[in-house]
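Hi,

Here is the structure I promised to pass on.

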Amino acid sequence: MRSRNGNYSFTRTVLIFLLSSLALDAKEYLISYRYVVKDATLYNESLSVSSSMTKCVGKPTKSLNLISYGDDDLKQSILKNPELFVDYVHKLGLQIESKDITKNFVNSSTTILTLKTTCFKVDFNENLVSIAPLN
Amino acid sequence: MKYSLLLVVLLSASSLIAQVSQAPQTIGSFDKIDSLENQVSDIDSQMGTLEGKVSSVDDKINTVDRKVSSIEQQISGVDTKMSSVENKLSSMNSNMTVMKNMNDIVAPEKEAVLSKTTNLRINVIGQGVAPMNTASPAQAYALAKRAATADAYRLIAEKVMGVRIEGQDTIKNMMVKRSTVHTSVKAMVRNADIIETTFKEGLCEVEMEIILLHAQF
């Protein structure tokens with residue numbers, strides 16, 4: 001990594017500064033998501049996003065890039081890209097809880113899919129938001 | 001008086017003589033009667049022997065009839081056994097045909113089992129419908145697809161984990177008053193892939209696939 005002019009220490013200093021500045025933008029968020037399907041119709045959907053109060057442990061995996069809509073508002077970014085986020089959450093894995101009741105030969109079903117509260121590392125860049133769960 | 005007595009004696013003597021003179025004729029008739037009686041007794045004895053013979057013939061006929069009836073019963077028993085054997089054979093043939101059909105149906109698809117060398121691929125089709133009042137067809141499609149995806153996930157969970165079932169029937173006065181069946185499943189599913197999505201006449205169908213590896217369990 002020695003530069004052509006031999007100014008090695010200067011280049012290293014600049015790189016360290018740039019990397020540290022990028023790392024400073026990374027935040028940790030707790031995200032939980034849940035939707036309810038009742039009798040084959042989407043009944044309820046809830047998304048909870050909050051910044052983590054404590055340091056999360058783990059390494060980021062399977063990142064997703066969403067288009068940022070300014071103000072570093074992660075929830076808005078997710079709500080503006082619902083299809084991408086839901087497909088991504090499905091890939092991560094959802095807890096499934098399904099209950100069917102057949103009363104006097106009439107059936108009704110309720111299926112709840114839940115992403116349990118998970119810590120995500122979130123990087124806000126100019127136009128993109130990168131989120132990755134910490135496992 | 002003496003003469004009258006003599007006359008009476010003479011008359012009685014003459015009547016006796018007359019009776020004596022008629023006696024041989026009655027003796028002859030007695031003989032005939034005796035001979036007739038002998039003949040009748042002979043005929044009676046012959047009749048007795050004939051009756052005895054007739055009764056023995058009747059006995060023989062009765063025994064023959066009994067034997068015939070017993071043979072007929074045996075034949076009927078054999079017939080019933082034959083019919084039962086034929087019924088059993090026909091039922092066995094029908095069972096064989098059913099088993100052959102079952103083999104024809106089942107044989108091509110052997111039940112897949114997860115092992116160290118083979119992975120298990122599970123395909124399901126989830127169905128969902130859009131709510132009644134949606135802002136646009138696109139929203140209806142998106143919501144129906146979400147519901148169909150959830151249904152597909154449920155089906156995968158049911159296939160992999162199994163279903164817990166609880167049933168309760170209430171019967172009162174020999175009538176079913178209430179019938180309730182609860183089914184539930186709980187699972188964690190990840191890495192399922194959507195293969196195909198179709199939306200037709202308000203119904204969205206999502207075909208989903210998951211590949212199970214032995215190392216995951």
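Below is what turned up around the aromatic rings.

First, the ground rules. This is a predicted model, where local features need pLDDT of at least 70, side-chain atom pairs count only at pLDDT 80 or more, and totals for chains, interfaces and linings use all residues. Residues are numbered from 1 along each chain as its sequence is written, chains are lettered from A and ligands numbered from 1 in the order written, and side-chain values use heavy atoms, without hydrogens and water.

Rings of Phe, Tyr and Trp (its six-membered ring) pair if their centres lie within 6.5 Å; planes under 30 degrees apart are stacked, over 60 edge-to-face, the rest tilted. That rule gives 4 aromatic pairs over all chains. One is A:Tyr33 with A:Tyr35: the centres are 5.8 Å apart and the planes at 50 degrees, so this pair is tilted. Another is A:Tyr33 with A:Phe85, edge-to-face, at 5.8 Å between centres and 85 degrees between planes. A:Tyr33 sits in strand 1 (residues 26-38) of chain A and A:Phe85 in helix 3 (residues 82-92) of chain A, so the pair ties together parts 52 residues apart in sequence. Helices (H or I, at least four residues) and strands (E, at least two) are DSSP runs, numbered from the N terminus.

A:Tyr33, A:Tyr35 and A:Phe85 make up one aromatic cluster. A:Tyr33 is buried at 3% relative accessible area, and A:Phe85 is buried at 2%. A:Tyr35 is buried too. Buried means under 20%, exposed over 50%, partly exposed in between (1.4 Å probe, protein chains only).

Best wishes
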